[in-house]
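Please look through the structure shown below with the report beside it. The sections go from strand pairing to the chain as a whole, and then to individual residues.

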Amino acid sequence: MFSGIIEEFATVVDIRHDRDNIDLELTCSFTAQLKIDQSISHNGVCLTVVSINGSNYVVTAMKETLDRSNLGQLKVGDKVNVERSMIMNGRLDGHIVQGHVDQTAECTAVDDANGSKYFTFKYEASREMAERGYFTVDKGSVTVNGVSLTVCNPTACSFQVAIIPYTFEHTNFCDIKVGSRVNIEFDILGKYIARLNQLKNEE
């Protein structure tokens, strides 16, 4: 479980294909503190450390993960938002993030906000997906590339987020442009409420 508060970038140093899987080798400042089997969020995707080699570590992404996320589009040199799993005796500064990306979204606009920036994202939507909790609400929470953010101006298939300079500089939002594809995880609380409504309607 994660909070959506990004620790830093990790940089992709190698990508290896193994049948339908991809092994991503990355480097970051806290590699020496990692251990095998540890869970780390990569652009919002929870992946397990499978090997450590000096300042580099390796995680494996399987086909299901690649189909639902932007990890299959990564290239050597790309920056990836990383966060280690949450310590349960600390403050929850973001919101409850599972690291289970629901789908990707496309950036359709980046607007200046007098020092900050508004990013608009559009995602595939349907009645069935909404009934499963795949939607956003005004002032609700959403995770974009692993970053816990507050939704503004949601529609049935899009939403905006406001990015302050610190977040822009310390996450890979600095690389997101119109046309970029990002990972999104909808709020788990909304999914549970949607499921309860489904069960109620089935009675």
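## A hairpin and its neighbours

Strands β4 and β5 run antiparallel and are joined by 4 bridges, where two strands are said to pair if DSSP finds at least two bridges between them. Strands here are DSSP runs of E with at least two residues, helices are runs of H or I with at least four residues, and both are numbered from the N terminus. Within this pairing, valine 49 has valine 59 in β5 as its bridge partner. The two strands form a hairpin with 2 residues between them, and glycine 54 in the turn has a positive phi of about 65°.

This is a predicted model, in which local features need pLDDT of at least 70 and side-chain atom pairs count only at pLDDT 80 or more, while totals for chains, interfaces and linings use all residues. Residues are numbered from 1 along each chain as its sequence is written, and side-chain values use heavy atoms, with hydrogens and water left out.

## The barrel

Where do β4 and β5 stand in the closed barrel of 6 strands? The order is β1-β2-β5-β4-β3-β6, with antiparallel pairing, so that β4 and β5 follow one another in a closed barrel.

Strand β2, residues 21–27, pairs with β5 in the antiparallel sense over 6 bridges, and leucine 26 stands opposite tyrosine 57 in β5. Strand β3, residues 39–42, pairs with β4, residues 45–53, over 4 bridges, again in the antiparallel sense, and isoleucine 40 has leucine 47 in β4 as its bridge partner. Strand β5 covers residues 56–61, and because 5 of its 6 residues are buried, β5 is largely enclosed by the rest of the structure. Buried means under 20% relative accessible area, exposed means over 50%, and partly exposed lies in between, with a 1.4 Å probe and protein chains only.

## Strands β7, β8 and β12

Strand β7, residues 103–113, is joined to strand β12, residues 181–186, by 4 bridges, and these strands run antiparallel. In this pairing, glutamate 106 stands opposite arginine 181 in β12. Strand β7 is also joined by 8 bridges to strand β8, residues 116–123, and these two run antiparallel as well; here aspartate 111 has tyrosine 118 in β8 as its bridge partner.

## The chain as a whole

The protein chain has 4 helices and 12 strands. Its radius of gyration is 17 Å, close to the 17 Å that the globule rule gives for 203 residues, so the protein chain is as compact as a globular protein of that length. That radius is taken over C-alpha atoms, and the globule rule is 2.2 Å times the number of residues to the power 0.38. Along its principal axes, the C-alpha trace spans about 50 × 50 × 40 Å.

Of the 203 residues of the protein chain, 45% count as buried. The chain exposes about 10800 Å², of which carbon and sulfur atoms supply 49%; accessible areas come from the Shrake-Rupley method with a 1.4 Å probe, and for residues only the protein chains shown count as cover. Among contacts with a separation of 6 or more, 67% are accounted for by residues 24 or more positions apart, where contact means heavy atoms within 4.5 Å.

Are asparagine 114 and asparagine 145 buried or exposed? Asparagine 114, in the loop between β7 and β8, has a phi near 55°, a positive value in a residue other than glycine, and at 76% relative accessibility it counts as exposed. Asparagine 145, in the loop between β9 (141–144) and β10 (147–150), has a positive phi of about 50° although it is not a glycine, but at 4% relative accessibility this asparagine 145 counts as buried.

## Cysteines

A disulfide is a covalent bond between the sulfur atoms of two cysteines. A search of the whole structure finds 0 disulfides, a disulfide being counted as a pair of cysteine sulfur atoms within 2.5 Å. Cysteine 46 is in no disulfide, and the nearest cysteine sulfur, that of cysteine 28, is 15 Å away; at 29% relative accessibility, cysteine 46 counts as partly exposed. Cysteine 107 is likewise in no disulfide, the nearest cysteine sulfur being that of cysteine 152, 13 Å away, and cysteine 107 is buried, with a relative accessible area of 0%.
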